[in-house]
Amino acid sequence: MSTQTTSSATPAVATDGPAPGRTLTLAAVLLAVFVVPMSISGTAVALPDIGTSTHADLAPLQWVVNAFNVAFACFTLVWGSIADVIGRVKAFAAGVALYALGSLASAVATNVVWLDAARALTGIGGAAIFSCGAAIISTVFDGPARAKAFAMFGTIAGIGVAIGPSLAGALVQGLGWRWVFAVHAVALALVLLAVPAVSRAMPSDGGSGGRIDVPGSALFVVAMVLLTTAIVQGSQWGWGSAGVLGLFVGAVVVLVVFVAVENRSAHPMLDLSVLRNRRFVGLCLVPVAASFGFVTMLTYLPSYLTAVTGRDTGAAGLLMLLLTAPVLILPMLAAKLVGRGVSALTLIYLSLVCLVVGDLALTLLSPSVTVLALAAPMLVTGAGMGLSAGLVDGQALEMVDPAKAGMAAGFLNTLRLGSEAVAVAVYGSALATVLGTRVTDGIGAHEGATQAAQVTAKAAGGDLAGAAELSGATDRKGFTDFLANAYDSAFHSVLWGLAAVGVVLLVVIAALLRGGQKTEPQTTA
């Protein structure tokens, strides 16, 4: 049995009468949960200004997002083991402190490498907030109160995703990009003040003294870092270069060693037997489709809106509500539809179709696109994320033995966040590769324009004016217009690729869900 923390296996505190600190506990957890997705979606809006301020090229700029996502994905399982050893409240508090410290470091970063490292620290803290925060709610609340608390948990996370771009856009435009991170540090400082009340609400949370799977955790982190670095650097070093191929080979080797170690471990971070259930694996791939179809747009569409359509950061952030609003509204609607007899799998399939159709519809975007023309593609893409967000976790956990529910949930969330990091990295590298071809083909037509590789890296980060200045072209305005058209063309090419990935995943998921056992055999005590 793993030492992974699980809400389903955590004994609930009786709640027949008013429990001390319950309201403050819920408020503290929800505030922390609100900050994490708001940071994920909001940081994307700040990327162009961060790139301009730090003079960062695309690859290090991508890691402002990737460092957070990779760290979050790598440590989701790890924090469950840590919580079992030191207690859920202490682990939660440690995660909040790391997130606040990382946010403060991000706000005062003087270069992009510093910022990337700080974002990795916040990702580690974010993993603790989500995994330990859910366990705290499950322990403090029971019955209808627990159901209501978890409903609020999901709703607050959706609100964070939905308003993150708009709030970040307003902060960037009004105060500067550093305040996007400073606000998070202030919010989590308030959460730390509430930790004593959380401890009083969980007087028996002293930790069980279980062991942490250090070898497995370390191997998994190394494999994820190698894989994502290879994808990010593919467009910079060349996909066939020794460095990139070496990173891919290294990732595969480390994953093989990880599997061997987990199979022999008495306390594995991940019990690989859960992967024998094809239906469970199929449902776990649904968030992967959302990562490629939705999260990539959440991250990079703001750059398109500012670089190609000429909108300012605030307007781009406001427009992103068209993409994120369905994520706030549709999970609750989907739950109501299932309660009225609509098949959950039907809604999941519909969500996958929306992701493909939405990405294809986004190919209609152009430098002169209107808000009305933007609305339908962005809403459909957002619906692809929102329809499944409230259903996949519950459906997936029904496929496995309840004794393995915590570990299965950890695997699902690891795959979700890991695929987001990979999808964002793939998108950025693909965009830079295609854009590089466009720039190389057209740069000779502009007098004085040189340094195609450096110009491409700067333009791919959304800083077209900086790229035009770097090029040395005589006609800066004309060259900036050329870069906008090249970016637009590359954006459309990558969208076709994302749609193709969505179709492939839809076919694979459908095949897995049609086969295999519905649930795992129950373990006997």
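Visitor: Why are α11 and α20 called roughly antiparallel?
Guide: In this predicted model, helix α11 (residues 286-307) and helix α20 (residues 476-514) pack at an angle of about 170°, their axes lying 9 Å apart. Angles over 145 degrees count as roughly antiparallel, and α11 and α20 are therefore placed in that class.

Visitor: What makes up the contact of α11 with α20, by residue class?
Guide: On the α11 side the residues include Phe 292, Met 297, Tyr 300 and Leu 301, while those of α20 include Tyr 487, Asp 488, Phe 491 and His 492. The contact divides into 17 nonpolar, 3 polar and 1 charged residues; Tyr counts as nonpolar and Asp as charged under this scheme.

Visitor: Why is Cys 284 called buried?
Guide: Buried means under 20% relative accessible area, and Cys 284, at 1%, therefore counts as buried. Cys 354 has a relative accessible area of 14%, so this cysteine is buried as well.

Visitor: How many disulfides are counted, and by what rule?
Guide: The rule asks for a pair of cysteine sulfur atoms within 2.5 Å, and by that rule the count comes to 0.

Visitor: What share of the whole chain counts as buried?
Guide: Of the 525 residues of the protein chain, 57% count as buried, in a chain with 20 helices and 0 strands.

Terms used: Residues are numbered from 1 along each chain as its sequence is written. This is a predicted model: local features need pLDDT of at least 70, side-chain atom pairs count only at pLDDT 80 or more; totals for chains, interfaces and linings use all residues. Side-chain values use heavy atoms; hydrogens and water are left out. Helices (H or I, at least four residues) and strands (E, at least two) are DSSP runs, numbered from the N terminus. Buried means under 20% relative accessible area, exposed over 50%, partly exposed in between (1.4 Å probe, protein chains only). Axes are lines fitted to C-alpha atoms, for helices over the stretch in contact, and angles run from 0 to 180 degrees between N-to-C directions. Angles under 35 degrees count as roughly parallel, over 145 as roughly antiparallel, 65 to 115 as roughly perpendicular and the rest as oblique. Contact means heavy atoms within 4.5 Å.
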